[in-house]
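Hello,

Here is the structure I promised to pass on to you. Please have it open while you read; my notes follow below.

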Amino acid sequence: MSGDVLRALMADNDADRDRYVNREVLRHAVMRAITCSRSGRVLDVARAVLVTMVKGDSRSAFVLDGAAWDEVESELRAKASKLGMEVEVIDGRQL
């Protein structure tokens, strides 16, 4: 069991619990992706951003380096809005 999972189980409040769980989800996504799908840079949890596009029961996720996310965020959110999709973001820089 990872340290963040244990911390989430032991957390005193929902905000801490969510932060630990999100860090663990991001860590798993980074381990699977290894490189940014936009820039090709090697990912690390502290700078990675997990972006999940949601429409109904359909979900699609990808991992970007923080700098790559900053470049495409506004355009991607606008496009998702036009398509009636939600954008869920876990940003390692904020965890």
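The residues of α3 that are buried are G66, A68, W69, V72, L76 and A80. Their cover includes the strands β1 (48-55), β2 (58-65) and β3 (86-91). Please keep in mind that this is a predicted model.

The helix itself covers residues 66-82, which is 17 residues, and spans 24 Å from first C-alpha to last, close to the 24 Å expected at 1.5 Å a residue. Even so, α3 has a kink of about 55°, centred on V72. Just after α3 comes G84, with a positive phi of about 70°.

At the start of α3, you will find D65 with a side-chain oxygen within 3.2 Å of the backbone nitrogen of A67. D65 belongs to strand β2. Is D65 buried or exposed? D65 counts as buried, because its relative accessibility is 4%, below the 20% cut-off. Leaving out residues up to four places away in sequence, D65 touches C36, S39, R41, L43 and R47.

**The core**

Which residues have the most contacts inside the largest nonpolar core? They are V51, V63, L64, W69 and V87, in a core of 19 residues. At least two residues of this core come from each of α2 (14-33), β1, β2, α3 and β3.

Setting aside neighbours within four places in sequence, W69 is in contact with V49, V51, L64, L76, R77, V87, V89, D91 and R93.

**T52 in strand β1**

T52 sits in strand β1. T52 is buried because its relative accessible area is 11%, and the cut-off is under 20%. Not counting residues up to four places away in sequence, T52 touches R59, S60, A61, E86, V87 and E88.

**Helix α2**

Now to the other helix of the core list. α2 has 20 residues and reaches 28 Å from its first C-alpha to its last, close to the 28 Å expected at 1.5 Å a residue. Its buried residues are Y20, R23, L26, A29 and V30. Just after α2, I34 takes a positive phi of about 65°.

Stepping back, the protein has 3 helices and 3 strands, in the order α-α-β-β-α-β from the N terminus on. Of its 95 residues, 32% count as buried. Among the contacts with a separation of 6 or more, 48% are between residues 24 or more positions apart.

As for confidence, the mean pLDDT of the protein is 90, and 88% of the residues reach 70 or more. Where is confidence lowest, and where is it highest? It is lowest in helix α1 (residues 3-10), at a mean of 61, and highest in β3, at 98. Where pLDDT is low, the predicted coordinates should not be read in detail.

Happy to look at any of this together with you.

Best wishes

Definitions and conventions: Residues are numbered from 1 along each chain as its sequence is written. This is a predicted model: local features need pLDDT of at least 70, side-chain atom pairs count only at pLDDT 80 or more; totals for chains, interfaces and linings use all residues. Side-chain values use heavy atoms; hydrogens and water are left out. Helices (H or I, at least four residues) and strands (E, at least two) are DSSP runs, numbered from the N terminus. The expected span of a helix is 1.5 Å times one less than its number of residues. The bend at a residue is the angle between axes fitted to the seven residues ending there and the seven starting there. Buried means under 20% relative accessible area, exposed over 50%, partly exposed in between (1.4 Å probe, protein chains only). Contact means heavy atoms within 4.5 Å. A polar contact is a pair of N or O atoms within 3.5 Å; within protein, one must be able to donate a hydrogen and the other to accept it, and residues adjacent in sequence count only if both atoms are side-chain atoms. pLDDT is the predictor's confidence in each residue, from 0 to 100. A nonpolar core is a set of buried Ala, Val, Leu, Ile, Met, Phe, Trp, Tyr and Cys residues joined through side-chain atoms within 4.5 Å.
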